[in-house]
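Biologist: I am new to this structure and would like to learn how to read it. Could we go through it together, feature by feature?

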Amino acid sequence: MAFAATYKVVLGSIAFAIFWVLAVFPAVPLLPIGRTAGSLLGATLMVLFRVITPDEAYAAIDLPILGLLFGTMVVSVYLERADMFKYLGKLLSWKSKGAKDLICRICLVSAISSTFFTNDTSCVILTEFVLKIARQHNLPPHPFLLALASSANIGSSATPIGNPQNLVIAVQSKISFGDFLVGVLPAMLVGGSRLLSVHKDEEDGTGEIVGEDDVSSHRFSPATMSHISAWNSMNHVQSSPNNINGSLATHLDSLRNRVNSGDQLEIQRSPCGSIDSNDISSPTQFSEEKESKTEHWKNKMWKLCVYLVTIGMLVALLMGLNMSWTAITASLALVVLDFKDARPCLEKVSYSLLLFFCGMFITVEGFNKTGIPSTLWNFMEPHANVDRVSGFAVLAAVILLLSNVASNVPTVLLLGGRVAASAAAISASEEKKAWLILAWVSMVAGNLSLLGSAANLIVCEQARRAPHLGYTLSFWNHLKFGVPSTLIVTAIGLTLIR
């Protein structure tokens, strides 16, 4: 694909630059409108500048990814209500030996869950939980958030269902699930181990573990929080009614639980407020005790249903069913099983994040229409043959660059057929190897910068918007860790791709 018309190249580059700047610096002084509005602005400019048509803009929105995000967000809300995160927190904190040990456990949980649930799903579910763990142990959140996002990206590289670009590669290359797993798994295991050692070196937070009873009153100390201006704090509150409503619903649930736990004491009280031992065997008390036990078992059965539906969703994903519709079906099954107004749970979904992705899809499509990414590949292709070491390095560099400029899913869509055709001219085995290299590098490239993968953006936005736990993971904090770790892990993995 050659360059588009000059005006499209210039105006499309300007629109993409505006999107990129606002995504990296959401509170830039000249235009402090945030990431979501920035992505929508970039998308609108692409249409207004006639880089793409309105119909092309609508077609660029990836509805399956949006459906997957929405479904997993709803499932995560019900999993939290079913106390899964409380149990997971006890598991991660059980006999913990400090911050480095906690990071190791978060890396393992994130990588394993991303292999089967996709990296986006794992990040949606685990981000707020990781913030709670950091608060409980009085530790700076950013090493834990980096561990979550980077491990999710690497873990998701092992299977075709680990992330959207792997799914695209598996369909286009016709590589079976087993061959894909065998081909990438060694690189994922060794690369993940190396990433874990980098996280240990990066971790410099210290703090004493706070007792579980003190968690509700514990707050981040100013030294561990990113600087947030009063204006941004006020703007965050004013622009996040969903979070306020969600917090209110959570508070009401907490009050309801307290009332239920106090039923046993209340039914033993006489009308004047004193305990009357003669009323212990009264029919009224017996009836209330029976009702309390019934409610207890109903709650247990409901939690079991939540876990079974989640496991069923995982099995369906492993069977290769449509990911987005599987997640949406699981979320609606939980809504029906809950048998009450779902509005409080649906209000906890981050709709601004879904809008951000809509704008990003349109903006990236417009940038691809300029012909800049395609021209870059045409220039590098003669030097990117996979039958020699130098070709490996060049191909990896091109994928790393494009994945962090145009996002990894568009990079796979743009380069997949070209890389495969170039490798197929050498041999069939080289073609398969080229596909697997594309899968590995495009996924690991997500760790290089905050814009490298959707998982990074999900962690960043979810962390910033978490009620009472908001933390801003800056672009530079991520970049300082991302550049060296990505280069090391990519190089190690390339030697192990089979």
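Biologist: Is cysteine 345 buried or exposed, and what is its relative accessible area?

Modeller: This is a predicted model, and in it cysteine 345 is buried, because its relative accessible area of 7% falls under the 20% cut-off. Cysteine 358 is buried too, with a value of 17%.

Biologist: How many disulfides does the structure hold?

Modeller: A disulfide needs two cysteine sulfur atoms within 2.5 Å. The structure holds zero of them.

Biologist: What is the mean pLDDT of the chain?

Modeller: Here is the general idea: where pLDDT is low, the predicted coordinates should not be read in detail. The mean for this chain is 76, and 79% of the residues reach 70 or more. Over residues 205-281, however, the pLDDT is below 50. That stretch still has 73 contacts in the model beyond near neighbours in sequence.

Biologist: How many helices and strands are in the chain?

Modeller: The chain has 23 helices and zero strands. Among the buried residues of H19 are Gly391, Phe392, Leu395, Ile399 and Leu402.

Biologist: Now the rings, please. How many aromatic pairs are there?

Modeller: A pair of aromatic rings is described by the distance of the centres and the angle of the planes. The count here comes to six aromatic pairs. In one of them, phenylalanine 16 and phenylalanine 19 lie 5.9 Å apart, centre to centre, with 50 degrees between the planes, which makes the pair tilted.

Biologist: Where do phenylalanine 16 and phenylalanine 19 sit in helix H1?

Modeller: They are three residues apart in H1 (residues 6-24), so about one helical turn separates them. Both phenylalanine 16 and phenylalanine 19 are buried. They also belong to one aromatic cluster with Phe356, Phe357, Phe361 and Phe367.

Biologist: Which residues touch the most other members of the largest nonpolar core?

Modeller: That core has 128 residues, and Tyr78, Phe357 and Trp440 touch the most other members. Leaving out residues up to four places away in sequence, phenylalanine 357 touches Leu66, Leu69, Ala454 and Ile458.

Biologist: And the chain as a whole: what share of its 498 residues counts as buried?

Modeller: The share is 49%. As for contacts with a separation of 6 or more, 77% are between residues 24 or more positions apart.

Note on methods: Residues are numbered from 1 along each chain as its sequence is written. This is a predicted model: local features need pLDDT of at least 70, side-chain atom pairs count only at pLDDT 80 or more; totals for chains, interfaces and linings use all residues. Side-chain values use heavy atoms; hydrogens and water are left out. Buried means under 20% relative accessible area, exposed over 50%, partly exposed in between (1.4 Å probe, protein chains only). Helices (H or I, at least four residues) and strands (E, at least two) are DSSP runs, numbered from the N terminus. Rings of Phe, Tyr and Trp (its six-membered ring) pair if their centres lie within 6.5 Å; planes under 30 degrees apart count as stacked, over 60 as edge-to-face and the rest as tilted. pLDDT is the predictor's confidence in each residue, from 0 to 100. Contact means heavy atoms within 4.5 Å. A nonpolar core is a set of buried Ala, Val, Leu, Ile, Met, Phe, Trp, Tyr and Cys residues joined through side-chain atoms within 4.5 Å.
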